[in-house]
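Visitor: I have a structure open here and would like to talk through a few spots in it. Can you walk me along as I ask?

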Amino acid sequence: MTSATYTVSGMTCGHCVGSVKSEVGKIAGVTAVDVDLATGKVTVTGHAPIDEALVRDAVEEAGYELTSA
């Protein structure tokens, strides 16, 4: 198992958290997504490293911006 933590901007509520978790969770190989609304940190866990571009695309599909990896 590997994990990576990213910072996402624009999340303001529980619905935002749910949207990000849902979209990132659809990425092949992702086994868990943990979102901390207060800090904007999103931790993605998978069986193998997940391509940052895929995470960025999923976050943008949810309506938010990946600001750092």
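Visitor: Where is threonine 7 found?
Guide: Keeping in mind that this is a predicted model, threonine 7 is found in strand β1, which covers residues 2-9.

Visitor: And is threonine 7 buried or exposed?
Guide: Threonine 7 has a relative accessibility of 15%, and because the cut-off for buried is under 20%, threonine 7 counts as buried.

Visitor: What does the side chain of threonine 7 make a polar contact with?
Guide: The partner is the side chain of lysine 41, at 2.9 Å; leaving aside neighbours within four places in sequence, the residues in contact with threonine 7 include Thr39, Gly40, Glu65 and Leu66.

Visitor: Which strands does β1 pair with?
Guide: β1 pairs in the antiparallel sense with β3, residues 41-46, over 6 bridges, and also in the antiparallel sense with β4, residues 65-68, over 3 bridges. On the β3 side, threonine 5 stands opposite threonine 43, while in β4 the bridge partner of threonine 7 is serine 68.

Visitor: Switching topic, which residues have the most contacts inside the largest nonpolar core?
Guide: That core has 20 residues, and those with the most contacts inside it are Met11, Val20, Val24, Val42, Val44 and Tyr64. At least two residues of this core come from each of β1, α1, β2, β3 and α2, with the largest share, 4 residues, supplied by α1.

Visitor: What is tyrosine 64 in contact with?
Guide: Leaving aside its neighbours within four places in sequence, tyrosine 64 is in contact with Val8, Ser9, Gly10, Met11, Cys16, Ser19, Val20 and Val59.

Conventions: Residues are numbered from 1 along each chain as its sequence is written. This is a predicted model: local features need pLDDT of at least 70, side-chain atom pairs count only at pLDDT 80 or more; totals for chains, interfaces and linings use all residues. Side-chain values use heavy atoms; hydrogens and water are left out. Buried means under 20% relative accessible area, exposed over 50%, partly exposed in between (1.4 Å probe, protein chains only). A polar contact is a pair of N or O atoms within 3.5 Å; within protein, one must be able to donate a hydrogen and the other to accept it, and residues adjacent in sequence count only if both atoms are side-chain atoms. Contact means heavy atoms within 4.5 Å. Two strands pair if DSSP finds at least two bridges between them. A nonpolar core is a set of buried Ala, Val, Leu, Ile, Met, Phe, Trp, Tyr and Cys residues joined through side-chain atoms within 4.5 Å.
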